[in-house]
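Here is a short tour for a first look. Keep the sequence and the model side by side as you read.

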Amino acid sequence: MIKFNFTHFFHKYAIKRKSSLRIPILMVAAIMTLSLASCGDDENFRIQGEVAGGGGQMIDFIYYARGAMQRVSVPAEGGKFILQGQSSSPTLGFLYLSGSTPLATIVVENGDNIECKLSAEDPLAAEVKGNKTSSAVADFLHENADAIRKGDVEAVNQAIAKYVGSHPKSMASTVLMVTRFSSEGYEKMADSLMSLIPLKARPTAVVQGFNTVMASLLSTEANAELQSMGLYDRRDTIIRYMPRQQSLALFAFVGPERSQRDTIVPSLRALSDTFPKRRLKVMEISTALDSARWRQSVDGDSASWVQAWTPGSVASSAFRKMAVPRVPFFIVADSTGSQIYRGGSIEKAKSLINRRLKGS
């Protein structure tokens, strides 16, 4: 914050130089304006941006500050938005479209002015400027988008390990570890990598902020029993999901990109061909923004499983309570609707299903 000694300035210029009083007064007004503007900047952070494909929808920024989760919501008028918040220290926040579609991961504190170019269809293409940490995280996600879309846990973890090794003092390393690193099966690597990052680069607000925000967004939904629902199938029919009609159900939330579907469809096909529908119901849920893009993505498939889409994707009333944090994402539910697996690995979901159904 700029500190301005008005009394000193006035006496030096206005009293001693009466003949030129008008100019100093104008200077005083200008400097006071700058001073007030700077104070305002230091007391808030500002995020402005444009969302391709997000016109008319609400933008939520969810972050941790003052010991609790904070939320700022503004409309994206014409796809553009400006929002303000407060955090006296660096904190981790997430931009969402209409409450559920993630757009960007941002580290921010008072005084920051963040500028974003975002895509409702591809969050991994986000461009973020305004501080080094947020820019570095966005660049990493863009550079490793293929592996992330495919749900290639090994490749993503190795890329993060390489980044942390090269940038141990960067807060971006902490952000990537807490938001993108899959620790299950990689516990020792996670511990080793976190130990490389000095305390200064992993502030409590960033680590605790992620845990708090995610817990708030996912805790109730992640443990809730799934209810019956109707799904709009590619054959223009409504398919009913009812938990008790099968032993297990697999919900595969997949983007419309061919590269992503090519890595997942073989597993969906194998599961669908192996188990009868009374044992396993396989449902591929497209996160395409519109039905045309969805139909284009599945055109030519000879799928024996349910391929469905709904307006609003994971933010729709049908799926909002399932709290899908990213894509691809998989949920396995039993005959009571209890979610027995939630995660980004089709292989782990497949392994659990095979273990449960072949062993019973």
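## Helix H3

In H3, the buried residues are Thr133, Ser134, Ser135, Ala136, Val137, Ala138, Phe140 and Leu141. Buried means under 20% relative accessible area, exposed over 50% and partly exposed in between, with a 1.4 Å probe and protein chains only. Helices (H or I, at least four residues) and strands (E, at least two) are DSSP runs, numbered from the N terminus.

H3 is 12 residues long and spans 16 Å from first C-alpha to last, close to the 16 Å expected at 1.5 Å a residue. That expected span is 1.5 Å times one less than the number of residues.

## About the model

This is a predicted model: local features need pLDDT of at least 70, side-chain atom pairs count only at pLDDT 80 or more, and totals for chains, interfaces and linings use all residues. Residues are numbered from 1 along each chain as its sequence is written, and side-chain values use heavy atoms, leaving out hydrogens and water.

## Nonpolar cores

The largest nonpolar core has 33 residues. Leu92, Phe140, Leu141, Ile160, Leu176, Met177 and Phe181 touch the most other members. Two or more residues come from each of S5, H3 (132–143), H4 (145–150), H5 (153–166), H6 (171–179) and H7 (187–196). H5 gives the largest share, 7 residues. A nonpolar core is a set of buried Ala, Val, Leu, Ile, Met, Phe, Trp, Tyr and Cys residues joined through side-chain atoms within 4.5 Å.

Methionine 177 touches Ile160, Val164, Ala190, Leu193, Met194 and Ile197, not counting residues up to four places away in sequence. Contact means heavy atoms within 4.5 Å. Another core, of 25 residues, lies apart from the largest one; Val51, Leu95, Ala104 and Cys116 are among its members.

## Strand S2 and its partners

Strand S2 (residues 58–65) is mostly covered, with 7 of its 8 residues buried. S2 runs antiparallel to S3 (residues 68–75), joined by 8 bridges. Two strands pair if DSSP finds at least two bridges between them. Tyrosine 64 stands opposite methionine 69 in S3. The S2 and S3 hairpin has 2 residues between its strands, and arginine 66 takes a positive phi near 55° there.

S2 also pairs with S5 (residues 91–97), antiparallel, over 5 bridges. Here aspartate 60 has tyrosine 96 of S5 as its bridge partner.

## A buried charge

Glutamate 257 is found in the loop between S11 (248–254) and H9 (258–274). Glutamate 257 touches Glu121 and Arg149, not counting residues up to four places away in sequence.
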